[in-house]
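Keep the model open while you read.

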Amino acid sequence: MKICMISPKRYNNVYSVLRLADGLGIEELIIVSPRDFIKERLERKIRSNREPWNIITILDSIDELLDYIKNEYLVSMELHPRACDITTFRWKTEPIIIVGPEDGSVPDKIISISDDIVKLPMNGKVRCLNVACAATLAVWDYILKSGELKR
């Protein structure tokens with residue numbers, strides 16, 4: 001499984017998803033078009049002598065991502081008319097879970113090639129969760145339903 005964050009704006013969200021990915025043995029965290037200060041901090045983490053993070057891939061654009069993820073199983077997390085409720089969603093093997101920016105949507109270029117789109121059901125006034133929370137719930141849903149929880 002891989003996670004892809006599109007245009008993240010807050011380093012704390014990126015770091016939370018990085019910790020999730022590392023802690024659960026996720027193959028790769030793909031970051032697309034991060035703000036410069038996030039990119040700089042991530043590049044320092046990648047090169048860190050003390051604790052290098054070798055699961056991070058930084059891409060500069062959506063077009064670069066499209067080339068990078070050809071023929072992969074894509075699941076976008078988005079409030080979209082085609083979206084399935086995650087509680088009844090059936091995952092296929094080895095997804096790339098795509099989450100959008102904190103203040104926007106997964107780009108139409110990505111939605112149009114996504115194999116599946118899922119949404120988290122919300123009951124209160126809040127329409128959606130923080131991007132790191134949404135990514136965490138999607139990863140746990142996949143792990144629990146696929147039986148891939150490593151103990």
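## Ground rules

This is a predicted model, where local features need pLDDT of at least 70, side-chain atom pairs count only at pLDDT 80 or more, and totals for chains, interfaces and linings use all residues. Residues are numbered from 1 along each chain as its sequence is written, and side-chain values use heavy atoms, with hydrogens and water left out.

Helices (H or I, at least four residues) and strands (E, at least two) are DSSP runs, numbered from the N terminus. Contact means heavy atoms within 4.5 Å.

## α1 against α5

Start with helix α1 (residues 11-23) and helix α5 (residues 131-146): their axes come within 8 Å and cross at roughly 20°. That makes α1 roughly parallel to α5, a label for angles under 35 degrees. Axes here are lines fitted to C-alpha atoms, for helices over the stretch in contact, and angles run from 0 to 180 degrees between N-to-C directions. The crossing of α1 with α5 is right-handed, meaning that the near helix is turned clockwise from the far one by less than a right angle.

On the α1 side, the residues involved are Asn13, Ser16, Val17 and Leu20, and they meet Val131, Ala132, Ala135, Thr136, Val139 and Trp140 of α5. Sorted by class, the contact of α1 with α5 has 7 nonpolar, 3 polar and no charged residues. In this scheme Ala, Val, Leu, Ile, Met, Phe, Trp, Tyr, Cys and Pro count as nonpolar, Asp, Glu, Lys and Arg as charged, and the others, Gly among them, as polar.

## α1 against α2

Now look at α1 with helix α2 (residues 36-47), where the axes come within 10 Å and cross at roughly 35°. This crossing of α1 and α2 is right-handed. Tyr11, Val14, Tyr15 and Leu18 of α1 make the contact with Phe37, Ile38, Arg41, Leu42 and Lys45 of α2. By class, the contact of α1 with α2 has 7 nonpolar, no polar and 2 charged residues.

## A closer look at α5

With 16 residues, α5 reaches 22 Å from its first C-alpha to its last, close to the 22 Å expected at 1.5 Å a residue. The expected span is 1.5 Å times one less than the number of residues.

Val131, Ala132, Ala134, Ala135, Ala138, Val139, Asp141, Tyr142 and Ile143 of α5 are buried, which means under 20% relative accessible area, with exposed over 50% and partly exposed in between (1.4 Å probe, protein chains only). Those buried residues pack against β1 (2-6), α1, β4 (73-77) and β6 (95-99).

Asparagine 13 sits in helix α1 and is buried, at a relative accessible area of 5%. Beyond its neighbours within four places in sequence, asparagine 13 touches Met5, Glu102, Asn130, Val131 and Ala132.

Glycine 100 belongs to the loop between β6 and α4 (108-111), and it is buried at 12% relative accessibility. Again leaving aside neighbours within four places in sequence, glycine 100 is in contact with Ile6, Val106 and Val131.

## Two positive phi values

Most residues other than glycine have a negative phi. Asparagine 71, in the loop between α3 (62-68) and β4, has a positive phi near 65°. It is exposed, with a relative accessible area of 83%.

Glutamate 94 lies in the loop between β5 (84-85) and β6, with a positive phi near 55°. Glutamate 94 is partly exposed, at 37% relative accessibility.

Key. Angles under 35 degrees count as roughly parallel, over 145 as roughly antiparallel, 65 to 115 as roughly perpendicular and the rest as oblique.
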